[in-house]
Amino acid sequence: MKHGLIAVAMAGLIASGVALADTVNDQLVRTGGEWAISLDAQGRVERVRQTTMLKPLLAEPIERAIRGWSFEPGRIDGQPRPTETNLGLSIALQPVDAGGYAIRIDDVRVGGRIDKIPEMRVNPRDVREGTFLYVARVAYDEEGKVVSIDPERGTPEVPSGVRRSFERVLKGATFVPERVGGHGIAAEIVIPMCVSTTRSRRTSPSDACDWTPPHRSASIGDGQFVAVDSAAKLRTDVVGRTL
């Protein structure tokens with residue numbers, strides 16, 4: 001018997017933020033990145049450190065912009081405190097004159113981030129051929145350890161074996177929580193996860209594993225997620241603007 005090929009794509013399970021790019025009609029290039037941000041008690045950016053793999057040619061102008069953005073820091077007993085958070089950006093590169101590109105910010109996410117996540121394994125005998133997207137809500141404690149996993153409202157139905165595989169991986173994951181005044185903050189995130197199985201060399205559409213959160217225009221995937229209620233907030237209006 002011919003076993004065929006098994007292709008696995010995990011929107012939300014790749015290593016803590018390796019950024020991927022997608023070219024549309026050879027014109028618009030979409031990618032993303034994440035940065036660890038340190039804020040003072042007034043919400044000013046003190047330190048910026050990239051946690052993904054954007055090249056310096058792209059990362060450096062973004063980081064210069066971030067240093068000028070204003071944030072609302074987390075609070076303890078109602079008082080603002082120095083805050084450690086994570087900033088995720090969805091980016092589009094728009095072609096301009098002389099072969100260059102302008103950097104447009106399509107979406108912003110602030111909150112904790114994934115630290116470590118186990119490798120996912122799917123037995124091809126347990127699932128039929130297709131692409132399966134599952135959106136999970138994950139709660140973690142002050143130390144970044146997972147305490148609960150639930151399906152997000154409206155998540156597509158997936159085979160029970162696929163769902164168990166996703167949740168087994170998430171149970172072994174750890175997170176880097178936000179820290180306010182030196183204290184870790186328990187939180188929840190919503191994360192899309194996707195697996196594609198095929199017994200041919202046919203590939204799934206590039207957007208088959210994308211998910212658009214409610215009240216947002218940009219989809220997420222490929223290691224991205226949304227914090228349910230982050231301690232820090234971005235005050236500067238940057239979505240839709242170019243750098």
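Is Arg153 buried or exposed in this structure?

1. Arg153 is exposed, because its relative accessible area is 83%, and a residue counts as exposed over 50%. The structure under review is a predicted model, and the remarks below should be read with that in mind. Arg153 belongs to the loop that runs between strand 11 (146–151) and helix 2 (160–171). Its C-alpha atom is separated by 8.9 Å from that of Arg137, although the two residues are 16 residues apart along the chain.

2. Overall composition. The chain contains two helices and 17 strands. It has 243 residues, of which 47% count as buried. Among contacts with a separation of 6 or more, 71% are made by residues 24 or more positions apart. The accessible surface of the chain amounts to about 13100 Å², and carbon and sulfur atoms account for 47% of that surface.

3. In soluble globular proteins, nonpolar side chains tend to be buried together. In this model the largest nonpolar core comprises 24 residues, and Trp35, Ile37, Ile62, Ile66, Trp69, Leu87 and Leu89 have the most contacts inside it. Two or more residues each are supplied by strand 2 (28–39), strand 3 (45–50), helix 1 (56–67), strand 7 (83–95) and strand 8 (101–111). Helix 1 provides the largest share, with five residues.

4. The surroundings of Ile37. With neighbours within four places in sequence left aside, Ile37 is in contact with Val45, Arg47, Val48, Ile66, Thr83, Glu84, Thr85 and Leu87. Of these partners, Ile66 and Leu87 are also listed, together with Ile37, among the residues with the most contacts inside the largest core.

5. Asn86, a buried polar residue. Asn86 is part of strand 7. It counts as buried because its relative accessibility is 5%, whereas the limit for that class is under 20%. Its side chain forms a polar contact of 3.5 Å with the side chain of Glu34. Beyond residues up to four places away in sequence, Asn86 touches Glu34, Trp35, Ala36, Thr51, Arg109, Val110, Gly111, Gly112 and Arg113. One of these, Trp35, is also named among the residues with the most contacts in the largest core.

6. Strand 10 and its partners. Strand 10 (residues 130–140) is mostly covered, with eight of its 11 residues buried. It pairs in the antiparallel sense with strand 15 (residues 187–197) over 11 bridges, and its antiparallel pairing with strand 11 extends over five bridges. Strands 10 and 11 form a hairpin in which five residues lie between them, and Gly144 in the turn has a positive phi of about 85°.

7. A backbone angle to note. Most residues other than glycine have a negative phi. Asp77 is not a glycine, yet it has a positive phi of about 55°. The residue is located in the loop between strand 5 (75–76) and strand 6 (79–80). Asp77 is classed as exposed because its relative accessibility is 76%.

Key
Residues numbered from 1 in each chain as written. Predicted model: local features only at pLDDT ≥ 70, side-chain atom pairs only at ≥ 80, totals over all residues. Heavy atoms only, no water. Core = buried A, V, L, I, M, F, W, Y, C linked by side-chain atoms within 4.5 Å. Buried < 20%, exposed > 50% of the residue type's maximum accessible area, 1.4 Å probe, protein only. Helix = DSSP H or I, 4+ residues; strand = E, 2+ residues; numbered from the N terminus. Contact = heavy atoms within 4.5 Å. Polar contact = N/O pair within 3.5 Å; in protein donor to acceptor, adjacent residues only side chain to side chain. Pairing = 2+ DSSP bridges. Areas by Shrake-Rupley, 256 points an atom, 1.4 Å probe, with all protein chains shown as cover.
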